[in-house]
Amino acid sequence: MGCAEMLPSLRQFTWRDIQDHGSGREQSWLVIDRRVYDITRFRWRHPGGSRLIAHYAGQDATDAFTAFHIDRQFVRRHLKPLLIGELCPQEPSQEPSKDAAVVEDFRQLLDVVENLGLLRPRPLFFAGTLLHILLLDLAAWLTLHLGGTHWGPFLITAVLLATVQAQAGWLQHDFGHLSVFETSRWNHWLHRFVIGHLKGAPASWWNHLHFQHHAKPNCHRKDPDVNMHPLLFTLGTRLSIELGIQKKKYMPYQHQHKYFFFLGPPALIPLYFQWYIFYFTIKRHQWQDLAWMMSFYVRFTVCYLPLLSLPSFIMLFFLVRFLESNWFVWVTQMNHIPMHIDRDQNKDWLTMQVEATCNVEQSLFNDWFTGHLNFQIEHHLFPTMPRHNYHAVSPLVRSLCQKHGLQYQCKSLHTAFADIVRSLKSSGELWLDAYLHK
């Protein structure tokens with residue numbers, strides 16, 4: 001024990017005690033608002049998944065806890081059985097490795113955001129978003145039904161359906177982040193409808209991967225979005241050099257900026273996600289998600305198989321997935337691959353998110369095309385914030401970054417796309433140099 005007990009019913013701990021109970025230890029502890037919780041067993045029952053909460057074992061999880069939960073008082077009641085103590089009075093509220101001023105200023109910004117009502121959604125905005133998706137879906141079917149099945153209507157239908165899939169992807173993202181309704185239940189129900197019935201994917205799979213990404217963005221072994229390192233790509237300056245020094249070569253990484261155009265955008269959804277989601281759902285017995293998914297495939301078949309031959313029907317389905325995959329990969333990776341990628345350094349919430357993300361300039365097209373994920377920095381700092389409010393908080397975030405010397409990056413859409421390729425080329429060259437000469 002790092003200091004004397006002051007209350008007979010509540011043990012006292014130092015930050016060193018907490019760090020000694022990190023991930024991989026027999027017992028896993030974390031800190032929320034100076035209270036110490038034992039999550040060793042609870043992690044397996046955690047609604048967000050065992051890996052998500054385990055990523056903060058041995059660390060302060062206060063800002064992550066605040067960011068992910070819209071009804072924190074309700075959640076705190078479930079934390080009570082896990083409480084084992086608190087930090088010693090002389091211990092700072094944040095870990096010694098973190099800048100107290102940055103932590104405090106960000107929490108003050110969060111108070112401002114809440115007081116300004118920027119976490120409150122506008123239901124009509126999301127209703128309009130859903131309506132435009134449904135209208136595009138209807139337009140796709142009418143194009144084939146009325147225009148015939150020759151190449152012109154066929155390709156127009158494919159483009160419309162790919163647009164439906166991309167836009168439904170952004171909308172399910174809103175529901176998944178609990179940013180549409182003020183209660184979790186309605187968000188969860190509509191999330192299953194949009195991702196399951198409109199897209200044919202399981203909500204549980206998305207939750208499992210995406211919240212880990214938000215909790216520890218661009219952290220190797222904690223963020224699933226960078227798990228492509230090192231089997232397919234080498235990412236990040238330090239990780240690439242280390243891989244080269246270790247003489248490990250799973251792919252010709254010096255050419256990864258070229259084969260990205262074949263293994264990345266065109267292949268992710270049709271060749272990987274399309275099949276893995278069924279494996280995930282069945283292995284984890286997510287039968288409700290499977291039912292929602294099957295409703296999508298039944299609807300797609302009923303709508304399009306009567307209009308097309310079987311080969312044309314299969315071609316339409318995979319053409320849509322191909323177009324959707326290109327759209328999805330370029331938009332989601334432009335904010336992260338060019339940014340700092342490394343192992344978890346346990347940085348404060350503001351620094352970690354800003355270093356791992358960048359923005360793309362605002363415009364009506366960019367907002368629509370990316371589902372407002374052109375405001376990636378604001379989204380990562382406030383994941384439950386409705387996307388229609390990102391533009392309002394952006395100047396406040398930019399000012400805070402400037403105050404603390406953090407680089408707030410905002411690019412054109414073209415530059416953001418090009419930076420993906422440039423960063424892959426750079427990390428591939430770093431790997432090759434270390435592989436040959438170190």
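**Exercise 1. Overall form**

What share of the contacts in the protein with a separation of 6 or more comes from residues 24 or more positions apart? Also describe the size and surface of the protein.

Solution. The structure is a predicted model, in which local features need pLDDT of at least 70 and side-chain atom pairs count only at pLDDT 80 or more, while totals for chains, interfaces and linings use all residues. Residues are numbered from 1 along each chain as its sequence is written, and side-chain values use heavy atoms, with hydrogens and water left out.

Step 1. Take contact to mean heavy atoms within 4.5 Å. Residues 24 or more positions apart then account for 71% of the contacts with a separation of 6 or more.

Step 2. The radius of gyration is taken over C-alpha atoms, and the globule rule is 2.2 Å times the number of residues to the power 0.38. For 438 residues a compact globule would come near 22 Å, and the 23 Å of the protein agrees with this. The C-alpha trace spans about 80 × 55 × 45 Å along its principal axes.

Step 3. Accessible areas come from the Shrake-Rupley method with a 1.4 Å probe; for residues, only the protein chains shown count as cover. The accessible surface of the protein is about 20,500 Å², and carbon and sulfur atoms hold 61% of that surface.

Step 4. Buried means under 20% relative accessible area, exposed over 50%, and partly exposed in between (1.4 Å probe, protein chains only). Buried residues are 55% of the 438 residues.

**Exercise 2. Helix H9 and His-210**

How many residues of H9 are buried, and which residues does His-210 contact?

Solution. Step 1. H9 covers residues 203–215, which is 13 residues, and reaches 18 Å from its first C-alpha to its last. The expected span of a helix is 1.5 Å times one less than its number of residues. For H9 the expected value is 18 Å, and the helix is close to it.

Step 1. In H9, 12 of the 13 residues are buried. Among them are Trp-205, Trp-206, His-208, Phe-211, His-213 and His-214.

Step 2. His-210 lies in H9 and is buried, at a relative accessible area of 16%. Apart from neighbours within four places in sequence, His-210 is in contact with His-173, His-177 and His-379.

**Exercise 3. Nonpolar cores**

Which residues of the largest nonpolar core touch the most other members?

Solution. Step 1. A nonpolar core is a set of buried Ala, Val, Leu, Ile, Met, Phe, Trp, Tyr and Cys residues joined through side-chain atoms within 4.5 Å.

Step 1. The largest core has 77 residues, and Leu-316, Trp-349, Leu-350, Phe-382 and Val-397 touch the most other members. Helix H7 (residues 151–176) gives the most to this core, with nine residues. A second, separate core has 26 residues, including Leu-243, Val-329, Ile-341 and Val-360.

Step 2. Residues up to four places away in sequence being left out, the contacts of Leu-316 include Leu-144, Phe-154, Leu-161, Phe-300 and Tyr-304.

**Exercise 4. Backbone features in loops**

Where in the protein is the cis peptide bond between His-229 and Pro-230, and where do Asp-33 and His-285 lie?

Solution. Step 1. The cis peptide bond between His-229 and Pro-230 has an omega of about 5°. Pro-230 is in the loop between H9 and helix H10 (237–245).

Step 1. Asp-33, not a glycine, has a positive phi of about 50°. Asp-33 lies in the loop between strand S2 (29–32) and strand S3 (35–38). Its relative accessibility is 37%, so Asp-33 counts as partly exposed.

Step 2. His-285 has a positive phi near 55° and lies in the loop between helix H12 (268–283) and helix H13 (287–304). At 54% relative accessibility, His-285 counts as exposed.

Conventions: Helices (H or I, at least four residues) and strands (E, at least two) are DSSP runs, numbered from the N terminus.
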